[in-house]
Amino acid sequence: MQDLSLHVMDILENSITARATKVIVKVVMRTGKEEMLLEIIDNGMGMDAETAARALDPFFTTKTGKKTGLGLSLLKQAAEQCGGEMVLTSGKGRGTRIRALFCTGHPDMKPVGDMAGTIDLLRMTHPEITFEYTCEMED
Ligand SMILES: Nc1ncnc2c1ncn2[C@@H]1O[C@H](COP(=O)(O)OP(=O)(O)OP(=O)(O)O)[C@@H](O)[C@H]1O
Ligand SMILES: [Mg+2]
């Protein structure tokens with residue numbers, strides 16, 4: 001995937017499948033530290049402990065007729081390839097939170113892409129879901 005907005009599109013697809021009614025996407029640019037934090041929080045059905053433990057495995061999916069589940073593992077890989085990390089927190093009935101940290105000065109950091117455009121597209125195709133998007137600078 002060419003940029004992070006495409007990864008986010010994929011991750012939000014998971015929130016939609018999990019029947020979230022509210023999704024928060026937060027980007028924080030820590031310019032002083034050359035870091036970018038990406039947080040995605042949904043109020044969908046969440047995952048039980050066993051599912052959450054396996055969710056980052058590219059060969060784990062709960063989709064029927066599929067042998068791979070790539071969305072989460074590819075975002076994790078995008079974070080790690082530039083020296084960052086990704087943490088997933090989820091609980092059954094308690095929604096899901098993803099925090100991914102990117103090192104913006106690293107040569108393998110992917111471009112952010114059109115994050116606002118991606119969220120707008122999802123707002124149009126899923127008017128029943130509230131998508132909250134913020135992007136802020138932090139020194
Ligand atoms: N926001 C979420 N809420 C509840 N369960 C989730 C959420 N995101 C992921 N999961 C669970 O983790 C699994 C793996 O997610 P991942 O995005 O990596 O792959 P996938 O959605 O199964 O397939 P792909 O993304 O390749 O189409 C999903 O099948 C689902 O069971
Ligand atoms: Mg997915």
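Let me start with a term: helices (H or I, at least four residues) and strands (E, at least two) are DSSP runs, numbered from the N terminus. By that rule, E34 lies in the loop between β1 and β2 (35-42).

Next, the ground rules. This is a predicted model: local features need pLDDT of at least 70, side-chain atom pairs count only at pLDDT 80 or more, and totals for chains, interfaces and linings use all residues. Residues are numbered from 1 along each chain as its sequence is written, while chains are lettered from A and ligands numbered from 1 in the order in which they are written.

Now the overall picture. The chain has four helices and five strands. Along the sequence they run α-β-β-α-α-β-β-α-β. The C-alpha atoms fill a box of roughly 40 × 30 × 25 Å along the principal axes.

On to burial. A residue is buried if 20 or more other C-beta atoms lie within 10 Å of its own, exposed if 12 or fewer, and partly exposed in between, with C-beta atoms placed from the backbone. Of the 139 residues, 25% count as buried.

Contacts next. Two residues are in contact if their C-beta atoms, placed from the backbone, lie within 7 Å. Take the contacts with a separation of 6 or more: 62% of them join residues 24 or more positions apart.

Look at α3, residues 71-80. Which of its residues are buried? They are G71, L72, L75, K76, A78 and A79. They sit on the same side of α3, because they cover an arc of only 160° around the axis; the arc is that of the directions from the helix axis to the C-beta atoms. What do they pack against? The partners are α1 (4-17), β3 (85-90) and β4 (96-103).

Now ligand 1. A residue is near it if its C-beta atom, placed from the backbone, lies within 6 Å. There are 22 residues around ligand 1, and N14, A18, T61, G69 and G71 come nearest. The elements giving two or more residues to this shell are α1 and α3. G71, then, is both a buried residue of α3 and one of the nearest to the ligand.

R19, in the loop between α1 and β1 (22-30), has a positive phi of about 60° although it is not a glycine. R19 counts as exposed, because it has 11 C-beta neighbours inside 10 Å. E34 is not a glycine either, and has a positive phi of about 55°. With 14 C-beta neighbours inside 10 Å, E34 counts as partly exposed.
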